[in-house]
Amino acid sequence: GDITMSVNVSARNLTEPSFVQRVGSALRRYRVPASRLMLEVTETAMFVDPQHVRSTLADLDHAGIRISLDDFGQGQTSLRFLSGLPLSEVKIDREFVCDMVTLPSHAAIVRSVVDLAHRLDLTVVAEGVEDAAALTALEAMGCDSAQGFLLAYPMPPDQVREWAAAQVANVTSHSLRKPAPSSSRKPPKPRKPRPMRTETVG
């Protein structure tokens with residue numbers, strides 16, 4: 001399938017008068033569909049110039065570019081931002097994810113964010129997934145995607161294609177495995193491929 005590129009943008013980017021035009025020009029230059037670009041905005045960026053930021057995000061959304069609210073829970077975002085901004089995705093801050101298996105209060109927060117985001121028709125990414133227990137718990141909560149060292153470490157851009165191909169091959173090999181025949185049991189339902197994230201460096 002198509003790969004979506006997520007790019008972090010700063011408050012300074014969002015307040016630049018020509019930012020939306022520059023993003024659009026880059027997409028046209030490299031022939032990348034706007035739907036394959038996700039711009040990640042931190043909570044703190046919302047408070048630099050709220051009116052200007054809202055206008056910029058609305059223009060990006062109108063152009064077909066998706067917006068992700070990064071590090072959710074780290075800053076001071078009001079819940080009204082979730083319904084008042086043109087968001088497609090919420091990323092739960094790693095502070096709540098990394099110890100959610102041993103800290104019930106953090107597990108409750110993660111579960112609540114997943115449920116709230118889904119009710120607002122947003123997808124959810126959990127950051128800081130570093131062990132299998134956390135990943136299993138997130139799957140049980142219905143979290144859409146995971147990002148963290150358990151899945152991949154940051155890598156140079158030229159290694160991403162090989163990494164992505166390996167993930168696709170792994171999912172395909174699992175989907176082709178057939179359950180052993182049984183006269184009394186129904187075959188298990190196929191598991192959905194787990195969306196995974198990696199980061200590039202350099």
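Visitor: What makes L79, L116 and L120 a nonpolar patch on the surface?

Guide: Patches are made of residues with over 30% relative accessible area and no salt bridge, where like charges are joined within 9 Å and nonpolar side chains (Val, Leu, Ile, Met, Phe, Trp, Tyr) within 5 Å. L79, L116 and L120 form such a patch with about 240 Å² of accessible area together, areas being taken from the Shrake-Rupley method with a 1.4 Å probe and, for residues, only the protein chains shown counting as cover. L116, which lies in helix α6 (residues 104–119), has a relative accessible area of 32%, and therefore passes the limit of over 30%. The model is a predicted one, in which local features need pLDDT of at least 70 and side-chain atom pairs count only at pLDDT 80 or more, while totals for chains, interfaces and linings use all residues. Residues are numbered from 1 along each chain as its sequence is written, and side-chain values use heavy atoms, with hydrogens and water left out.

Visitor: Why is L116 called partly exposed?

Guide: Buried means under 20% relative accessible area, exposed means over 50%, and partly exposed is what lies in between (1.4 Å probe, protein chains only). The value for L116 is 32%, so L116 falls in the middle class.

Visitor: How do you know which helices and strands the protein chain has?

Guide: Helices (H or I, at least four residues) and strands (E, at least two) are DSSP runs, numbered from the N terminus, and by that reading the protein chain has eight helices and seven strands.

Visitor: What makes a set of residues a nonpolar core, and which members of the largest one touch the most others?

Guide: A nonpolar core is a set of buried Ala, Val, Leu, Ile, Met, Phe, Trp, Tyr and Cys residues joined through side-chain atoms within 4.5 Å. The largest such core has 44 residues, of which L14, L57, L60 and V110 touch the most other members. Its largest share, five residues, comes from α6. Apart from neighbours within four places in sequence, L14 is in contact (heavy atoms within 4.5 Å) with residues including V9, F19, V41, L57 and L60.

Visitor: How do you know how many disulfides the structure has?

Guide: A disulfide is a pair of cysteine sulfur atoms within 2.5 Å, and a search of the whole structure finds zero of them.

Visitor: Why is the pair of K91 and E127 called a salt bridge?

Guide: A salt bridge is a side-chain nitrogen of Lys or Arg within 4 Å of a carboxyl oxygen of Asp or Glu. The closest N and O atoms of K91 and E127 are 3.7 Å apart, so the pair meets the limit. This pair links distant parts of the chain, with K91 in strand β4 (residues 89–92) and E127 in the loop between β5 (123–126) and α7 (132–141), 36 residues apart. K91 counts as buried at 2% relative accessibility, and E127 counts as buried at 9%. Salt bridges that share partners join E40, K91 and E127 into one network.

Visitor: How many salt bridges does this rule give, and what makes D115 and R119 one of them?

Guide: The count comes to five. For D115 and R119 the closest N and O atoms are 3.1 Å apart, and both residues lie in helix α6, four residues apart, about one turn of the helix. D115 is partly exposed at 40% relative accessibility, whereas R119, at 67%, is exposed. Another of the salt bridges joins E16 to R22, with the closest N and O atoms 2.5 Å apart.

Visitor: Why does D71 count as buried, and why is D121 called exposed?

Guide: D71, whose place is in strand β3 (residues 66–72), has 18% relative accessibility and therefore counts as buried. D121, found in the loop between α6 and β5, has a relative accessible area of 70% and is therefore exposed. Neither is a glycine, yet D71 has a positive phi of about 55 degrees and D121 one near 65 degrees.
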